[in-house]
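Dear colleague,

I am handing over a structure for you to look through, and below it I have set out what was found. Please keep it open while you read.

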Amino acid sequence: MTCDMGCIYHGYMSSETFFRPRYHITPPQGRLNDPNGVFVSPRTGRLHVFYQHDPAFPFGKKRTGWGHVSAELDTLRWLHHPDALYPDVAYDLDGCYSGGAVVDGEQVYLFYTGNLKEPTADGGFARRATQNRVNAVDPDDLMGGVYRRDAANPLIDGPAAGYTAHYRDPMITRDPHDSHDGWRMVIGAQREDETGTVVLYHSDDLHNWNFVGELEFDTTNAAPGTAPDLVPGGYMWECPNLITLRDAVTGEDLDILIICPQGLEPVTTDTATHYASSDQCGYIVGKLDGTRFTVLRGFSELDHGQQFYAPQITGFSETSGLLLGWMGLPGQDDTPSVAAEGWVHSLTVPRRVEVHNHVLRQTLIVPESVRNGEINHMDSGILWHSERLDGHETTLMITGSQGTIGATIHYLSGADPVLEIDVAGDVRRVPCPPGELTVFVDRSAVEVTAADGAIAASFVTFPNVNEIWSTIARNCD
């Protein structure tokens, strides 16, 4: 059946929806977290997105598998297919954790971390993490295809020497340095001294994987990013992404490493808020040769909002990629949408990502009907605002039909201009040079870009029941 959110569901869903976004992916029911297996179909051009899904949340035992949706990029009418993976074999009984997709010609493979908790003699458990492959047969089918685990799984049976069982989230791309069109895999890892890192594997056939080593960062000639560290610390680096993109300005082919370091301490100044969330996400720009990553621009936060984590990127052209992130964080599962509508968390809309002078720029991919005002009206809960910030102090307030303020976006002009986002007293600040500002309100999901896409911020804000966000009120001095 077709629902009023512009998406198609197989199964029951309440017709009363006060919070569910229309263009952001949400689960039909239960809990969503990391985006997984993002790819563009080589046959149809449809964007496929998988995601971590616990369909029984909050009532049943945690059973993390992979949900599956697809859409045309110009409409974002998400077709919800049956879940692709369930934890039901010996090496993943405690979860089909995050991973990526690989398109090899017209063949699609999914790679994921199998999670198993094995009992120990002292009554506890030991985690076993394995890397596994799935053959996706006809994912463009209305029912979402058939998913067959490789008979040789696990292809990587446990961590390499020197690392703990926190060893997960495989992401695979072509190796641009391999003349034989080989493949490289990055995995988020924790060293035995409980510090975070990324390890690298190589394969000629997507089946046999050889451990290459841990990424080593050379910061000798690195320019600083926007974060306090050239290379961050933390006790675990989750959800690594490694992609090669051509800089639209310099013409260089650059390696972009996206990582999610856990355990960073907050750093706050008058003009910047760093590492304020429970878990962080950012990127490093450089060039990879073997395991040596020469850093050209240090760590920069990918998104400065209150809810953003675990993004995944896929190549779209030589100069651009498509990225989606989780609009949520671990431990933030108690939202009004659970009791009212039976789901929690969404993904961002797809973002086109490009590199300009070693800086990532993100552009929200939103249907033209939204951007031109055709969809925007005070009865929809869907709002779009765009303007150029050029030195004039500006305040935008997202307000509801009953007068509730969902968020305030404040641009502080001056010698060192700052963008400030206040959601229920949780204030985030980021230095913000002049450039285009966009605000997209999709019911409870809000995304902001500024400085021509060099700054992004994602957050969720729920109106009262029977209330919708109806206005973006603008004031300027």
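Let me begin with the aromatic residues, where Phe39, Phe50, Trp66, Tyr112 and Tyr147 form one aromatic cluster. Please bear in mind throughout that this is a predicted model.

Phenylalanine 50 belongs to strand 2 (residues 47-54) and tyrosine 147 to strand 8 (residues 146-149), so that the pair links parts of the chain that are 97 residues apart. Phenylalanine 50 is buried, its relative accessible area being 0%, and tyrosine 147, at 15% relative accessibility, counts as buried too, because the cut-off is under 20%.

In total there are 14 aromatic pairs. Another of them joins phenylalanine 19 and phenylalanine 462, whose ring centres are 5.2 Å apart and whose planes stand at 90°, so this pair is edge-to-face. It links distant parts of the chain, 443 residues apart: phenylalanine 19 sits in the segment before strand 1 (30-40), while phenylalanine 462 is in the loop between strand 33 (455-460) and strand 34 (469-476). Phenylalanine 19 is buried, with a relative accessible area of 1%, whereas phenylalanine 462 is partly exposed, at 22%.

A ring can also have a charged residue over it, and here arginine 133 lies over the face of tyrosine 109, at 4.3 Å from the ring centre.

Leaving aside residues up to four places away in sequence, phenylalanine 440 touches a number of residues, among them Tyr23, His24, Leu364, Trp384 and Glu447.

Finally, a word on confidence: the chain averages a pLDDT of 93, and 95% of the residues score at least 70. Over residues 1-16, however, the pLDDT is below 50, although this stretch has 38 contacts in the model beyond near neighbours in sequence. Where pLDDT is low, the predicted coordinates should not be read in detail.

Note on methods. Residues are numbered from 1 along each chain as its sequence is written. This is a predicted model: local features need pLDDT of at least 70, side-chain atom pairs count only at pLDDT 80 or more; totals for chains, interfaces and linings use all residues. Side-chain values use heavy atoms; hydrogens and water are left out. pLDDT is the predictor's confidence in each residue, from 0 to 100. Contact means heavy atoms within 4.5 Å. Rings of Phe, Tyr and Trp (its six-membered ring) pair if their centres lie within 6.5 Å; planes under 30 degrees apart count as stacked, over 60 as edge-to-face and the rest as tilted. Helices (H or I, at least four residues) and strands (E, at least two) are DSSP runs, numbered from the N terminus. Buried means under 20% relative accessible area, exposed over 50%, partly exposed in between (1.4 Å probe, protein chains only). A charge sits over a ring if NZ of Lys or CZ of Arg is within 6 Å of the ring centre and within 35 degrees of the ring normal.
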